[in-house]
Amino acid sequence: MSAKIETIGKFLDELASDAPTPGGGGAAALSGAMGAALVSMVCNLTIGKKNYEAVADDLKKTLQRAESLRVALTKGIDEDVVAFNTLMSAYGLPRGTDEEKTKRIQAIQLALKEATLAPLQTCKVCYEVIELSKEAAEKGNLNVISDAGVAVLAANAGLRSCALNVFINAKSIKDREFAEAQLKEVNALLKKAAVETEAVYETVKNKIDG
């Protein structure tokens, strides 16, 4: 078994354990990262191939961006853990005096905002992967076109999953103007992503059927 496979196995073991982290947020980021990796795969198996010379330059740009997004989403796994641990630490602050209670509430509210912004950022990055999946589906090597379909589905799964973390944390934020702004943004992303994911999926399926 390779070291990388062992690392994946370890992550899944930790995910399955009774430890609170990693959790759904990390799994969502990983899903998006897999989508980005698959976009890169399609690009790498198209660039330099016969009959695809006309799209090579476009896909080189797509590949570069996909790799950047993959790195960002991989980092998002750890960022989710940090956000969760910060929130749990805030809940664990002392509350024996009025001053301690006030500081605890302030710390919790600040941590909730961070725990809302972190998954929202992952949602945004996953949406970018969805957009790149469209490029891969439209211009990619037909021999691996199904991977562009898997890419868009993985990215959309990551986006929708992270959106749940936005929803659950925003619910407890007392600054409703802030919370509603984040909810508005994530709902807009979900709506656009649903349409684009289905379009990319149909593009891939039609190319396979055709």
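Helices here are DSSP runs of H or I with at least four residues, numbered from the N terminus. With that convention, P22 is found in the loop between α1 (3–16) and α2. The peptide bond that joins T21 to P22 is cis, with omega at about -5°. The model is a predicted one.

The protein as a whole has six helices and zero strands. Read from the N terminus, its elements therefore run α-α-α-α-α-α under the DSSP assignment. Taken along the principal axes, the box filled by the C-alpha atoms is roughly 75 × 45 × 25 Å.

The loop between α2 and α3 (56–91) holds N51. N51 is not a glycine, yet its phi is positive, at about 80°.

Helix α2 covers residues 24–44 and helix α4 covers residues 98–139; the two pack at an angle of about 25°, and their axes are 9 Å apart. Angles under 35 degrees count as roughly parallel, and α2 is therefore roughly parallel to α4. The crossing of this pair is left-handed. On the α2 side the contact is made by A29, G32, G35, A36, V39 and V42, and on the α4 side by T122, C126, V129, L132, S133 and A136. By class, the residues of this contact are eight nonpolar and four polar, with no charged residue.

Helix α2 also packs against α5, which spans residues 145–170. The axes of α2 and α5 come within 7 Å, and they cross at roughly 160°. Angles over 145 degrees count as roughly antiparallel, so α2 and α5 are roughly antiparallel to each other. Here too the crossing is described as left-handed. From α2, the residues in the contact are G24, G25, A28, S31, G32, G35, L38, V39, M41 and V42. They meet D147, A148, V150, A151, A154, A155, A157, G158, S161, C162 and N165 of α5. This contact divides into 12 nonpolar, eight polar and one charged residues. Among the α2 residues named for this contact are G32, G35, V39 and V42, which are also listed for the contact with α4.

Helix α5 passes α6 in a left-handed crossing. The contact of α5 with α6 has 19 nonpolar, six polar and three charged residues.

Aromatic side chains remain to be described. Which residue lies over the face of F178? The residue is K113, at 4.9 Å from the ring centre.

Technical notes: Residues numbered from 1 in each chain as written. Predicted model: local features only at pLDDT ≥ 70, side-chain atom pairs only at ≥ 80, totals over all residues. Heavy atoms only, no water. Lys NZ or Arg CZ within 6 Å of the ring centre and 35° of its normal. Axes fitted to C-alpha atoms, helices over the stretch in contact; angles between N-to-C directions. Parallel < 35°, antiparallel > 145°, perpendicular 65-115°, else oblique. Left-handed = near helix turned anticlockwise from the far one by under 90°. Contact = heavy atoms within 4.5 Å. Nonpolar A, V, L, I, M, F, W, Y, C, P; charged D, E, K, R; others polar.
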